[in-house]
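This report covers a sheet and a pair of helices. The sequence and structure come first.

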Amino acid sequence: MSSNAIKDWPEDERPREKLLKRGAAALSDAELLALVLRTGDAAAGKSAIDLGRELLERCNGNLRELAQAELNELQQIKGLGLAKAASIKAAFTLGSRFQARKLETLERFTAPAQVFDFFHHELRDNRKELFLILLLDGKNRITRKVQISEGCLNQSIVHPREVFAPAVRESAAAVIFIHNHPSGDPAPSREDREITRRLKEGGEILGIKVLDHIIIGDGSYFSFVESGLL
């Protein structure tokens, strides 16, 4: 394809028209990015697809790496200003939120893999360690997600008092703990094991069942229940 304005291309080659005729799945990553960008850089003779291709080249074709790029990194590509960079960040963030909000349709918790499916897109690429608690009712239906801490886990940050506060406040019958390992390896550390033990004891005192503690890695997870540690 040439670098002329997309509006001058044959109709079947234009991303928007191709999407309308064949569906979004028929478009390449560069073409989808072109629709987000809307316009190219006329001064440099670049189409929106050219910019999309440059973005993909910058991240070696890795969309996850592109999703993590900061605004200033995106703007290093000539012809890609703040408005275009913001559009890209917004598109990826919207996709991430969609994945997270699928949790609202989960009727009942039955297996750790369910939680992994809902949260690995949100947590696997986070550069900081996040600790979350899921609140469940008496029928094991997840009613709410609460973030407890951000940063490396230790016993002063993840204290039973703070962890169980939202569960007590909302009369949760059970809870599930989740945190991510930015390294990508979900294997629990000695600290993870000790924190889990203390939280289980705290739940027993409060009469709130701890169903599991799940560590999210890159493409895999660790469940304390499945491993017989809870």
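Which residue of β2 does Leu134 stand opposite? Leu134 stands opposite Lys145 in β2.

## Basis of the model

The model is predicted; local features need pLDDT of at least 70, side-chain atom pairs count only at pLDDT 80 or more, and totals for chains, interfaces and linings use all residues. Residues are numbered from 1 along each chain as its sequence is written, and side-chain values use heavy atoms, with hydrogens and water left out.

Helices (H or I, at least four residues) and strands (E, at least two) are DSSP runs, numbered from the N terminus.

Two strands pair if DSSP finds at least two bridges between them. β1 pairs with β2 (residues 142-150) in the antiparallel sense over 7 bridges. Their hairpin has 5 residues between the strands, and Asn140 takes a positive phi near 65° there. β1 also runs antiparallel to β3 (residues 174-180), joined by 6 bridges, with Leu136 opposite Ala174 in β3.

## The sheet

The open sheet has 5 strands in the order β2-β1-β3-β4-β5, with mixed pairing. β2 and β5 (221-223) stand at the edges, each with a single partner strand, so one side of each has no neighbour in the sheet. Neighbouring strands are turned by 20° against each other on average, direction ignored. Axes here are lines fitted to C-alpha atoms, for helices over the stretch in contact, and angles run from 0 to 180 degrees between N-to-C directions.

β3 and β4 (residues 209-216) pair in the parallel sense over 7 bridges, and Ile178 stands opposite Ile214 in β4. Helix α9 (residues 190-206) packs on the sheet, touching β1, β3 and β4, and its direction makes about 160° with that of β4. Contact means heavy atoms within 4.5 Å.

## Helices α2 and α3

Helix α2 (residues 29-37) packs against helix α3 (residues 48-58) at an angle of about 120°, with their axes 8 Å apart. That makes α2 oblique to α3; angles under 35 degrees count as roughly parallel, over 145 as roughly antiparallel, 65 to 115 as roughly perpendicular and the rest as oblique.

Among the residues that meet are Leu33 and Leu37 in α2 and Leu51 and Leu55 in α3.
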